[in-house]
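These are my notebook entries on a structure that I looked up. I set down each point in the order in which I examined it.

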Amino acid sequence: MGKKAVIEGSMAIAIAVKQARPHVISAYPITPQTHIMEFLADFVANGELKTEYLRVDSEFSAASVAQGAVAAGSRAYTASASQGLLLMTEVLYNVAGMRLPMVLTGVNRSVGTPVNIQPDHQDTVLFRDTGMIQLYVEDAQEAYDAHVQAFRIAEDRDVLLPVLVCVDGWTISHTFEPVEVEEQEKIDAFLPPYKPLYHLDPKKPYTFGSISIDKDLMEFRYLHEEAIQGAKAKIEAIAREFEKTFGRYYGGLTQSYKTEDADIVFVAMGSIIGTLKEAVDELRAQGKKVGVLKVRSYRPFPVEEIRAALANAKVACVIDRAISIGFGAGPLTIDTQAALYGPNAPQVLPFYAGLGGKDVELKHVAEMVAKAEKAAAGEAVSAEPEYVNINWNLVS
Amino acid sequence: MTQKELFASGHRGCPGCGAAMATRMMLRATGDDVIVVSPTGCLETFTSMYGESCWEVPWFHGLFENAGAIASGVEAALKMQGRTDTKVVAIGGDGGTFDIGIGALSGMLERGHNVTYICYDNEAYMNTGVQRSSATTPYASTTTSPAGSHSMGKTRPKKNLAAIALAHDVPYVATASIAYPQDFMNKVKKSLTFQGSRFIHVHAPCPIGWGFDTALTVEVGRLAVETGLMPIWEAEYGEITKVRKIREVKPIEEYLKVQRRFRHLFASDAGKKELAALQELCNKNIEKMGLAGERKVTTDVS
């Protein structure tokens with residue numbers, strides 16, 4: 001058994017990273033990622049963590065330093081948020097294409113303009129097509145667990161891809177919660193040191209970052225897609241192995257909460273899952289058949305799992321904390337609709353909620369359910385996305 | 001210097017490519033226990049077509065603007081692995097170093113990683129078709145600073161990147177030219193003896209971009225030095241310890257006349273002002289750096 005303590009979400013992540021024993025950590029400050037890097041700096045200063053901790057000149061360099069370290073055969077970690085993640089974009093495409101298994105935390109925060117330091121997913125969904133694995137967590141405990149798992153997933157010889165662990169800023173990163181922290185020896189057994197398949201070594205010189213032309217670029221893409229599709233089984237297997245070792249399971253690609261007999265199922269990612277679970281319990285007490293499907297892995301996208309979980313549902317309420325401006329729906333809605341397309345699919349009702357940290361209360365969930373109930377009863381309702389808790393006075 | 005050829009023949013560089021010469025010399029000096037990092041640029045495209053590679057040493061190309069950061073990460077990893085005998089060297093062009101990569105380079109120098117960063121300076125974005133960079137010599141005609149009835153080419157001075165590197169308080173900074181191979185190779189080798197970050201600016205003429213006969217790369221490089229346009233020096237721990245004296249200073253016109261990129265300066269009297277300005281630039285270099293006459297400082301250990 002590990003040790004349970006009430007700690008900040010950022011501390012839970014910092015401890016998980018420390019226990020992963022990375023050789024290199026690159027840090028560049030951005031709110032609300034800063035606490036993670038400050039805690040890690042403390043560990044280094046106190047002698048608790050032996051690592052090369054580099055205070056770099058930008059997020060672009062933060063991602064690049066970690067990339068160079070992984071290419072040289074070391075485990076490496078970095079973290080950022082919002083604008084900082086956006087600055088990393090070009091590097092992260094490069095890391096993923098080069099199949100380098102680095103792990104980074106995306107502390108979710110909205111993207112300017114207008115500038116906003118509160119959580120939504122506009123920053124990380126940007127990375128949809130990079131070929132990185134993206135995991136979204138619901139609380140501090142899962143943040144701890146997922147970071148330990150992320151290194152295993154990334155470094156799996158059949159995967160070899162970067163993993164972005166997405167953690168809602170403030171709601172998770174700056175909130176104190178009880179978290180069970182495992183013993184170092186058990187983490188070491190679960191997560192052995194990184195053994196690279198290819199790395200920069202004069203004894204066996206490889207060329208990294210070749211130029212590729214029409215005759216082989218598509219073939220690289222094919223292999224990349226194969227790898228991330230193959231990662232689906234690994235993400236699930238590693239989550240199950242974690243459960244066997246540590247007794248906790250927050251889902252693999254998805255996690256279902258009371259969906260078996262549900263007519264109405266929420267589909268969402270991140271910390272809002274906690275609110276939804278609480279709301280579902282309340283609504284169930286009122287006799288309403290509702291459930292929650294947590295999408296934990298946004299890439300690879302769990303098409304089969306979503307289809308299976310919603311097979312008997314009448315309505316899927318998809319909650320997006322980001323907008324694909326110009327499409328008329330959020331990224332999670334678009335992907336869920338695509339996954340469900342076909343006969344017997346439940347009706348999809350899209351909602352924008354929690355953009356820029358906008359509060360989502362239990363009453364808002366109840367309102368969404370009220371709309372879904374009408375749809376479930378065969379009443380015509382608008383399939384246009386609804387802006388939950390919007391202040392119409394400001395926009396009219 | 002190693003006699004082993006670590007830069008394989010058959011690369012796709014142009015005939016007379018100064019960057020290829022610099023790279024080959026660099027590897028002679030580093031030997032094979034080295035990891036090389038390059039930013040995007042000519043060197044990357046002509047040495048690494050997938051399925052082939054000119055690199056007999058481990059080589060990493062990331063992006064255009066991050067070679068300094070990639071090299072930092074490699075060096076940090078080697079330190080943690082105890083592989084500190086393996087040297088880390090970065091080599092990139094002036095676009096990837098003077099311009100888009102200067103942030104990552106500055107970060108690397110500031111943090112003091114054990115890396116030698118070499119910039120092969122061919123004075124423009126050659127890979128994309130000879131666009132002006134901050135390393136382009138004033139009044140050169142490039143595809144984005146073309147000479148014309150209202151233009152005398154590039155209007156701004158050349159950025160003094162070696163001085164910027166020096167301002168980071170690093171142990172070793174040097175300039176060199178492919179026209180003086182032994183000097184350049186000695187400097188690469190010497191740089192590797194210092195703990196901390198090292199920076200070498202090596203002038204590498206480009207026959208295509210500058211417009212001269214492909215057989216004249218070394219001669220053009222030598223003229224840049226002999227006119228005082230490209231001062232050759234080295235500095236240890238912030239102090240300039242050695243400058244290459246010019247035995248017989250040549251007028252700048254000798255250098256400019258053999259290159260198509262300066263042709264417009266001679267087309268009419270209109271170019272006289274610019275020619276005078278370039279000569280003045282050389283005169284200032286010679287005076288400021290003490291390039292004329294016999295050697296004064298002789299602390300060279302190479």
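Which residue is the bridge partner of Ile25(A) in E3(A)? I found that Tyr53(A) takes this place. The model is a predicted one, in which local features need pLDDT of at least 70 and side-chain atom pairs count only at pLDDT 80 or more, while totals for chains, interfaces and linings use all residues. Residues are numbered from 1 along each chain as its sequence is written, and chains are lettered from A and ligands numbered from 1 in the order in which they are written.

Entry on strand E2 of chain A. I noted the naming rule: helices (H or I, at least four residues) and strands (E, at least two) are DSSP runs, numbered from the N terminus. Strands pair if DSSP finds at least two bridges between them. E2(A), residues 24-27, pairs in the parallel sense with E3(A), residues 52-55, over four bridges. Between the two, the chain passes through helix H2(A), residues 34-45, in a right-handed β-α-β crossover (clockwise from the first strand over the helix to the second, with the strands pointing away from the viewer). E2(A) is also joined by three bridges to the parallel strand E4(A), residues 76-80. There, Ile25(A) stands opposite Tyr77(A).

I then looked at the faces of this strand. In a regular strand the side chains alternate between the two faces of the sheet. Val24(A) and Ser26(A) lie on one side of E2(A), Ile25(A) and Ala27(A) on the other, and all are buried (20 or more other C-beta atoms within 10 Å of a residue's own, with C-beta atoms placed from the backbone).

Entry on a helix pair. H8(A), residues 272-285, packs against H11(A), residues 362-376, at an angle of about 65°, and their axes are 9 Å apart (lines fitted to C-alpha atoms over the stretch in contact, with angles from 0 to 180 degrees between N-to-C directions). I counted residues as in contact if their C-beta atoms, placed from the backbone, lie within 7 Å. Among the residues that meet are Leu276(A) and Ala279(A) of H8(A), and Val365(A) and Val369(A) of H11(A).

Entry on the two chains. The contact takes 35 residues from chain A and 39 residues from chain B. On the side of chain B that touches chain A, H3(B) gives the most, with 12 residues. I also found two bridges that join E9(A), residues 207-208, to E2(B), the strands running parallel. Thr207(A) has Trp59(B) as its bridge partner in E2(B).

Conventions:
Contact = placed C-beta atoms within 7 Å. Buried ≥ 20, exposed ≤ 12 C-beta atoms within 10 Å, placed from the backbone.
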